[in-house]
Number of protein chains: 2
Amino acid sequence: MSTQTDRTTVKRAAERGVYDRATVDAILDEAILCHVGIVLHDEKPPTPMVIPTLHARIDDHLLLHGSVASRMLRAAAAQEICVTVTLVDGFVLARSAFHHSMNYRSVVILGTPEVVPDDQKPAALDALTEALVPGRLPFLRPMTDKEVRATSVLRLPITEASAKVRTGPPIDDEEDYELEMWAGVLPVSTTYGKPLIDPGSRFPEAEVPRHVSGYQRPGPGPKPATT
Amino acid sequence: MSTQTDRTTVKRAAERGVYDRATVDAILDEAILCHVGIVLHDEKPPTPMVIPTLHARIDDHLLLHGSVASRMLRAAAAQEICVTVTLVDGFVLARSAFHHSMNYRSVVILGTPEVVPDDQKPAALDALTEALVPGRLPFLRPMTDKEVRATSVLRLPITEASAKVRTGPPIDDEEDYELEMWAGVLPVSTTYGKPLIDPGSRFPEAEVPRHVSGYQRPGPGPKPATT
């Protein structure tokens, strides 16, 4: 299934553009957070605002959530937004500054989100918790109605989207390969440290559950052999 | 020096707002990349676009760069933009889904960038390279005039900006502390792997230089004792 439209077609470094849903989904699932772009239409001229927030992909939708008092969320519910997710995989250290680059996987989704109706909010909020820390939900005290009411959830269809992927070693000018220097890639990854128990815990001997001590995100996703 | 204006005043979780330049600068310096929000004014109504890109802070300005052919860069040079940078420090695993959170440090800068004039571009490009990999510049073959001409650099003043910072353990509802479960923080950090030499290198025995094998970014920056 392709998510390519004219607006999501990658123009710069077009060979890095990827439009299949499997690649898009894998990047969305691996990323901890996204950056949501909205337009502040009240300003003259309209200005952009970019806010980091957690997300969860459920099938063909991206879920976003926040306080019902959030200005960003209220604005986002009534307009076309841009959600961008970026994973950094490495620094590409070439033989010239010009050919330095990053290995990365990013996704841009355009669309107008809809507000998740009240009766579907509990399931959506559960999905958001499980997306952040898979396996944690059964350990928690259940959500209250008041908490559900205090939270807004938006659902953005993943229909107009593109991924951009760079992998592999530097691509230098032919003559620069003769320069006697080290060139290559410095891998970058996200890692998880030793879990820190809440110092206010009344159960300091509580065992760290497996979903915390063995925390893992999905991924890394499929990496097309592009440069 | 404060960068607080009405527009950059943090409204949601206002106690997490920080406006001193030292905090803002430390977050900008530690982050590998930023997300640039622009408005596509040609669309009716105007729509947002968010693009990940590298940045470098030089004193009171944030530098952005790209191909002179980049639509994003050309659009950004002529309008007010929003640059957002986010560092994830940990997952805050509370006793209820509602109080789950992230420890993070983020910065939002609003402003209209100016195009760095030609005579200042080489120095700006050097600064961008050094910001990504400090110490690498002396190893590289010098930039050519053609490469400098092919690259645009924008300079955004860091005058209207805010940081938002959350640190520390979960803050649960008082009665939930009686629940016998593990709660706390799972630290998250960015780490660098074993450098991978370019398989196309004609000098496979070249020593990995210290600026690569001992790579480190600045930070973590000052973390105000907020919750």
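**Chain A and its partner**

Analyst: In chain A, 74% of the contacts with a separation of 6 or more are between residues 24 or more positions apart. Two residues are in contact if their C-beta atoms, placed from the backbone, lie within 7 Å. This is a predicted model: local features need pLDDT of at least 70, side-chain atom pairs count only at pLDDT 80 or more, and totals for chains, interfaces and linings use all residues. Residues are numbered from 1 along each chain as its sequence is written, while chains are lettered from A and ligands numbered from 1 in the order in which they are written.

User: How many helices and strands does chain A have?

Analyst: Five helices and 11 strands. Helices (H or I, at least four residues) and strands (E, at least two) are DSSP runs, numbered from the N terminus. The C-alpha trace of chain A spans about 65 × 55 × 35 Å along its principal axes.

User: What percentage of chain A counts as buried?

Analyst: 42% of its 227 residues. A residue is buried if 20 or more other C-beta atoms lie within 10 Å of its own, exposed if 12 or fewer, and partly exposed in between; C-beta atoms are placed from the backbone.

User: Which strands pair across the chains?

Analyst: β10(A) and β10(B) pair in the antiparallel sense over five bridges. Two strands pair if DSSP finds at least two bridges between them. T191(A) stands opposite S189(B) there. β11(A) also pairs antiparallel with β10(B), which covers residues 184-192 of chain B, over two bridges. L196(A) stands opposite V185(B), and I197(A) has G184(B) as its bridge partner.

User: What rotation superposes chain A on chain B?

Analyst: A rotation of 180 degrees with 0.0 Å of shift along its axis, at RMSD 0.0 Å. Copies are superposed by least squares on the C-alpha atoms of residues with pLDDT of at least 70 in both. The two copies are thus related as by a two-fold rotation axis. In chain A, T190(A) has the C-alpha nearest the axis, 2.3 Å from it. Both copies use the same surface: 99% of the contact residues of chain A recur in chain B.

User: Back to α3(A). What does its span look like?

Analyst: α3(A) has 12 residues and reaches 17 Å from first C-alpha to last, close to the 16 Å expected at 1.5 Å a residue. The expected span is 1.5 Å times one less than the number of residues.

User: Which of its residues are buried?

Analyst: A124(A), L125(A), L128(A), T129(A) and L132(A) are buried in α3(A). They cover an arc of only 140 degrees around the axis, which puts them on the same side of α3(A). The arc is that of the directions from the helix axis to the C-beta atoms.

User: What covers them?

Analyst: The cover includes β3, β4 (61-67), α4 (145-149) and β8 (151-157) of chain A, together with β5 (81-93) of chain B.

User: Switching to chain B. Is β6(B) enclosed or open?

Analyst: Largely enclosed by the rest of the structure, because 10 of its 11 residues are buried. β6(B) runs antiparallel to β5(B), joined by 11 bridges. β6(B) also pairs antiparallel with β9(B), over seven bridges.

User: And V108(B), buried or exposed?

Analyst: V108(B) is buried, with 24 other C-beta atoms within 10 Å. V108(B) lies in β6 of chain B. Not counting residues up to four places away in sequence, V108(B) touches T8(B), C82(B), T84(B), A161(B) and S162(B).
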